[in-house]
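Okay, thanks for coming, everyone. Let me put it on the screen.

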Amino acid sequence: MREVLAQAAFQLFLERGFERTTVDDIVARAGVGRRSFFRYFPSKEDAVFPDHERCLAEMTQFLATADDSDPVGAVADAARIVLRMYAANPEFSVQRYRLTREVPGLRTYELSVVRRYEQTLARHLRSRFGADGDGALRAEVIAASVVAAHNNGLRLWLRSGGEGDPEAAVDHALALVREVWGRPTASAAPAAPEASAGPAVPAVPLAVSGGGDGDGEVVVMVARKGTPMWRVVQQIESAVGEN
């Protein structure tokens, strides 16, 4: 029944437009009563995204059994669950993408759905990195990075009309996230320096004033090889704020 209602709703949205379609129109097309509609969908907007609740539950279950050794890899793999949902029905996914671009209310709803995915990923990472201080910050930033990378690749595929392999662009984007964030945290024991590495180099940004010609300041970042990217960004932001 849920699938029948969603299909009826989407057909009407395409035929009449989202705003001009009522719940009464949807249940009439599906041949059921209003109570049946609201048993499955709290609103019209929910009928446009009928598969996200199931997908979110699948993601949560996946993360609950994920290996602790690679938390960044786990959340990247969890994001691929969403990709597979879209790729399973390319025609519907492309039509929904176009409809969402046309209706501001649907775009707002979609953003709330994306936020729920991000919160699920962040919650998993906090359980690995810690819920306070830099652990919580790292969890939030990595979760946001994974969602942004996934959505970038997914939207490239949707804008193409669903042509080609959607996993290629998403895998490329998620690989970048793993490259940056899949390194040991700052709390991990530092590796022994190589004999030829010379003296230790502090991860400290150096603010260099411009020549007084209106070019402003240049911030040069000097850091040890392997310094986590979040630490580099944190230090640069600190220097910029101080200056």
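Let's start with Glu-118, which counts as buried at 15% relative accessibility. Buried here is under 20% relative accessible area, exposed is over 50%, and partly exposed is in between, using a 1.4 Å probe and protein chains only. Before going on, a word on where this comes from: it's a predicted model, so local features need pLDDT of at least 70 and side-chain atom pairs count only at pLDDT 80 or more, while totals for chains, interfaces and linings use all residues. Residues are numbered from 1 along each chain as its sequence is written, and side-chain values use heavy atoms, with hydrogens and water left out.

So what does Glu-118 form a salt bridge with? The partner is Arg-115, with the closest N and O atoms 2.8 Å apart. By salt bridge I mean a side-chain nitrogen of Lys or Arg within 4 Å of a carboxyl oxygen of Asp or Glu. Arg-115 is partly exposed, at 36% relative accessibility. Both residues sit in helix α8, three residues apart, about one turn of the helix. Helices, by the way, are DSSP runs of H or I, at least four residues, numbered from the N terminus.

Glu-110 is buried at 11%, and Arg-107 is partly exposed at 28%.

How many salt bridges does the structure hold? There are 14. Another of them is Asp-24 with Arg-34, at 2.8 Å, N to O. Asp-24 is in helix α2 (residues 23–30) and Arg-34 in helix α3 (residues 34–40), so this pair ties together parts ten residues apart in sequence.

Now Lys-44, in helix α4 (residues 44–48). Lys-44 is buried yet has no salt bridge; Glu-19, the nearest side chain of opposite charge, is 4.9 Å away. For charge, Lys and Arg count as positive, Asp and Glu as negative, and His and the chain ends aren't counted. What does the Lys-44 side chain reach at 2.9 Å? That's the backbone oxygen of Phe-18.

Last stop, helix α5, residues 52–64. Its buried residues are His-52, Cys-55, Leu-56, Met-59 and Leu-63. They're on the same side of α5, because they cover an arc of only 100 degrees around the axis, taking directions from the helix axis to the C-beta atoms. The face turned away from that buried side carries exposed Gln-61 and Ala-64.

Note on methods
Helix = DSSP H or I, 4+ residues; strand = E, 2+ residues; numbered from the N terminus. Expected span 1.5 Å × (residues − 1). Polar contact = N/O pair within 3.5 Å; in protein donor to acceptor, adjacent residues only side chain to side chain.
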